Amino acid sequence: MRLSNHRLIETVNIRHTLNEYLRQYSGHIGYGVRPCERGKGYAGQILRLSLKFACSVGLHRLMLVCDKNNPASARTILSNGGILERESAHPNGEPIQIYWMKRQTARSNPERAAFLSQSAGIPERHHSEGKQEKSTTDQHRLSGE
C-alpha cells in the first residue's frame, strides 16, 4: 500500500503448503500489481520480499506460475532465480509456465548472511569477498522497516 495516498499497489499470497490444484496451477507465491502501477519495479520488490519471508519460515524450494502470455512476469521470476521447469495449460485453457526456485538459508550462504545483516542495520564483523546483493529504500518501505 502506498502510504501517501493509501492506495493498494500490489497483493501477494504465500502458500506454505500446496494442495493438488496449487501444485499443478498456482504454486507457493502468487502476486499481482495494479495495472496502472506496472513497469515500476513493484513486482520484483514484492517477489524479493516474499522469497525472503518464505525462506524465514522454512520454505526453501518454491514453485511459481505465470501465464505464458505475460513475459514481464516471466522476466521477474527469472531475474529472481526462477528456473523454467515446464509449460502446461490451466483448466481455463490458457498456457502457463511453471518455475521453481531454490533458496539458501543465511547460514549456508555467507554472502546472503552479510546482506541480511546489512539490510537489517546490523554491522558486519567480516567483509565477505565476491558479489554482494544490494538493498533499496523501497524494499525497506514495503516491508515496514
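Reply: Happy to! Helices (H or I, at least four residues) and strands (E, at least two) are DSSP runs, numbered from the N terminus. Residues are numbered from 1 along each chain as its sequence is written. This is a predicted model, where local features need pLDDT of at least 70 and side-chain atom pairs count only at pLDDT 80 or more, while totals for chains, interfaces and linings use all residues, and side-chain values use heavy atoms, with hydrogens and water left out.

Me: Why are Tyr 21 and Tyr 25 called a tilted aromatic pair?

Reply: Rings of Phe, Tyr and Trp (its six-membered ring) pair if their centres lie within 6.5 Å; planes under 30 degrees apart count as stacked, over 60 as edge-to-face and the rest as tilted. The count by this rule is 1 aromatic pair. Tyr 21 and Tyr 25 have 5.1 Å centre to centre and 50 degrees between their planes, which makes the pair tilted. The two tyrosines sit 4 residues apart in helix α1 (residues 20-25), so about one helical turn separates them.

Me: What makes Tyr 21 and Tyr 25 partly exposed?

Reply: Buried means under 20% relative accessible area, exposed over 50%, and partly exposed in between (1.4 Å probe, protein chains only). Tyr 21 has 41% and Tyr 25 has 23%, so both count as partly exposed.

Me: And which label does His 6 get, buried or exposed?

Reply: His 6 has a relative accessible area of 60%, so it is exposed. This residue lies in the segment before β1 (10-14).

Me: Why are the buried residues of α3 said to line one face?

Reply: In helix α3 (residues 71-79) the buried residues are Ser 73, Ala 74, Thr 76 and Ile 77. Seen down the helix axis, they fall within an arc of 160 degrees, so they line one face of α3. The arc is that of the directions from the helix axis to the C-beta atoms. Arg 75 and Ser 79 are exposed, on the face turned away from the buried side. Just after α3, Gly 81 takes a positive phi of about 100 degrees.
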